[in-house]
Amino acid sequence: MSEEDTSSATPHPTLPLKGEGNATPHPTLPRAAGEGVSHSLGLWDATAIVAGSMIGSGIFLVSAAIARSTGSPGWLLAVWALAGAMTVAAALSYGELAAMFPAAGGQYVYLREAFGELWAFLFGWTQLLVIQTGTIAAVAVAFARFLGVLVPAIDDHGLAGIGFVTPQRLVAIALLLALTYVNTRGLQFGKVIQDGFTLAKAGVLLALVGLGLFAYAGAQPAASAANGLWAHPFFGPIPLATLGPAMVGALFSADAWNNITFTAGEVRNPKRNLPGALILGTGVTIALYLAVNVSYLAAMPFGSIAHAPSDRVASAMVQQLVGPGAAVLVAIGILISTFGCVNGMVLTGARVSYAMAMDGLFFRQAGRLNRAEVPGVALWMQALWASLLCLTGTYSQLLDYVIFAVLLFYILTIGGLFKLRRTQPDRPRSYRAVGYPVLPAVYVLAAAAVAVSLLIAPETRFQSLAGLACVIAGLPVFAVSLRKRARFHGPILRRST
């Protein structure tokens, strides 16, 4: 943040603390959440953002690593089922928070209201530093990698790069910059892309399910007995300490469902549509994920899943059933999936920076809406940082580092649900979390158990501690932000959304 001439800025009334009247206007602050934004996301649009942000490249790849870690088909399905149950349970809890605080920033706002600005800022800091931008970069590079199957000239083996600038990374940057530009033109453009590609992605997953089950139904009894679905033992022995690390791939494949909360200020009838979108989006996506894994097991021997070349389980299954030319079909399916995933994350992620700017904790320009009523500056900031992560090639490592941090913020946010029930009992709740307090408590315990196992397991201990270090690194940045806010904006009262 920098000191600016504020003489021409539009006055912005500081929102009051609970129980207080309006405070003196602060002309340097951006407009309030929901002021001037377009409320054009309906229930289907919001659901498409939830499902479209979840479905990326993971479902096509990570079952191989899970199979190697667990050693049996029963545990492969159990890991996906446990990760899915945790995801849906968290979404049910977030539905209540989303209905209570339907403002831009979503999870950032929930943490601010429950625990104060420090924890909210640390979430926003980590989100911008690596969680959102790192995921965007990783999925964009996955898009470029599979585009190389169709256009060999852009494959890293087809054209020589210059240092860390390779053809695939350039294509990835071009994709995210193009989608950022589209989303700066207005919410309508981004949501049309998201709606269409989410339907296409669901079709791709349904095609995989149909292909695998059709192959199983047509197999001879001897072949059926040898495939993964009936491999013995169905549930083999597995050390509990390995269960948490085995769930990492499934949890990340099901992640980003919370992104719809970042755009809450742009959802029509958010008190109804936000909880509905969270429940529908996560429920349908998890059901598809489980069905796809059943189809893998129905069509392939378990060992072929665990040792699929380059972990490309979907490619291995389709090539086995259709033939060598199936690589093109799978590449097209993954291109559709990753394109829609990048668009969903680009569309939603910048709204957290926007909310931080409205609280005076980030660059003031990030809190400005452009003529299309979207936070254009925040979108371009997100795009530039994600592009740098593409070029450095460290994004995949950074994603490994934040697994622990992601779980930490999920645990903290759902813990905030308990605190807000106690501290704000009279706030209207159009939707109440299903199964409260048992289901949210079970999620917190399960997520904490996974987090602890990540700290214990030698293969994930370093990455977990590094993820925690990313969060802690935000503490001095927060202190600087507070000082600059006090100097340039004056005291800002916390906003009761």
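Student: Hi! What kind of model is this, and how are residues numbered?

Tutor: Hello! It is a predicted model, where local features need pLDDT of at least 70, side-chain atom pairs count only at pLDDT 80 or more, and totals for chains, interfaces and linings use all residues. Residues are numbered from 1 along each chain as its sequence is written, and side-chain values use heavy atoms, with hydrogens and water left out.

Student: Great. How many helices and strands does the chain have?

Tutor: There are 20 helices and 0 strands. Both are DSSP runs numbered from the N terminus: helices are H or I with at least four residues, strands are E with at least two.

Student: And what percentage of the chain is buried?

Tutor: Of the 497 residues, 58% are buried. Buried means under 20% relative accessible area, exposed means over 50%, and partly exposed is in between, using a 1.4 Å probe and protein chains only.

Student: What about contacts between residues at least 6 apart in sequence?

Tutor: Among those contacts, 82% join residues at least 24 apart. A contact here means heavy atoms within 4.5 Å.

Student: Let's pick a helix. How far does helix 14 reach?

Tutor: Helix 14 covers residues 326–358, and its 33 residues reach 50 Å from first C-alpha to last, close to the 48 Å expected at 1.5 Å a residue. The expected span is 1.5 Å times one less than the number of residues.

Student: Is helix 14 mostly covered or mostly exposed?

Tutor: Mostly covered: 28 of its 33 residues are buried. After helix 14 comes Gly 360, with a positive phi near 75°.

Student: Which residues does Val 330 touch?

Tutor: Val 330 sits in helix 14 and touches Ala 314, Ser 315 and Val 318, if you skip residues up to four places away in sequence. Val 330 counts as buried because its relative accessible area is 7%.

Student: Switching to packing. How do helix 7 and helix 14 pack?

Tutor: Their axes are 10 Å apart, at an angle of about 50°. That makes helix 7 oblique to helix 14. Axes are lines fitted to C-alpha atoms, for helices over the stretch in contact, and angles run from 0 to 180 degrees between N-to-C directions. Angles under 35 degrees count as roughly parallel, over 145 as roughly antiparallel, 65 to 115 as roughly perpendicular, and the rest as oblique.

Student: Is the crossing of helix 7 and helix 14 left-handed or right-handed?

Tutor: Right-handed. Helix 7 brings Leu 175, Leu 179, Thr 180 and Asn 183 to the contact, while helix 14 brings Phe 339, Val 342, Asn 343, Val 346 and Leu 347. A crossing is right-handed if the near helix is turned clockwise from the far one by less than a right angle, and left-handed if anticlockwise.

Student: Where is Leu 170, and is it buried or partly exposed?

Tutor: Leu 170 lies in helix 7, residues 167–184, and is partly exposed because its relative accessible area is 46%. Leu 170 and Ala 144 are 26 residues apart in sequence, with 8.5 Å between their C-alpha atoms.

Student: How about helix 8 and helix 11, at what angle do they cross?

Tutor: The axes of helix 8 (residues 187–217) and helix 11 cross at roughly 30° and come within 8 Å. That makes helix 8 roughly parallel to helix 11. Their crossing is left-handed, and the contact residues include Ala 202 and Leu 205 of helix 8 and Leu 288 and Tyr 289 of helix 11.

Student: Thr 263 next. Which loop is that in?

Tutor: The one between helix 10 (240–253) and helix 11 (270–299). Thr 263 is buried, since its relative accessible area is 0%. Not counting residues up to four places away in sequence, Thr 263 touches Leu 41, Leu 347, Thr 348 and Arg 351.

Student: Last one: how many disulfides?

Tutor: The structure holds 0, a disulfide being a pair of cysteine sulfur atoms within 2.5 Å. Cys 341 is buried at 3% relative accessible area, and Cys 390 is buried at 0%.
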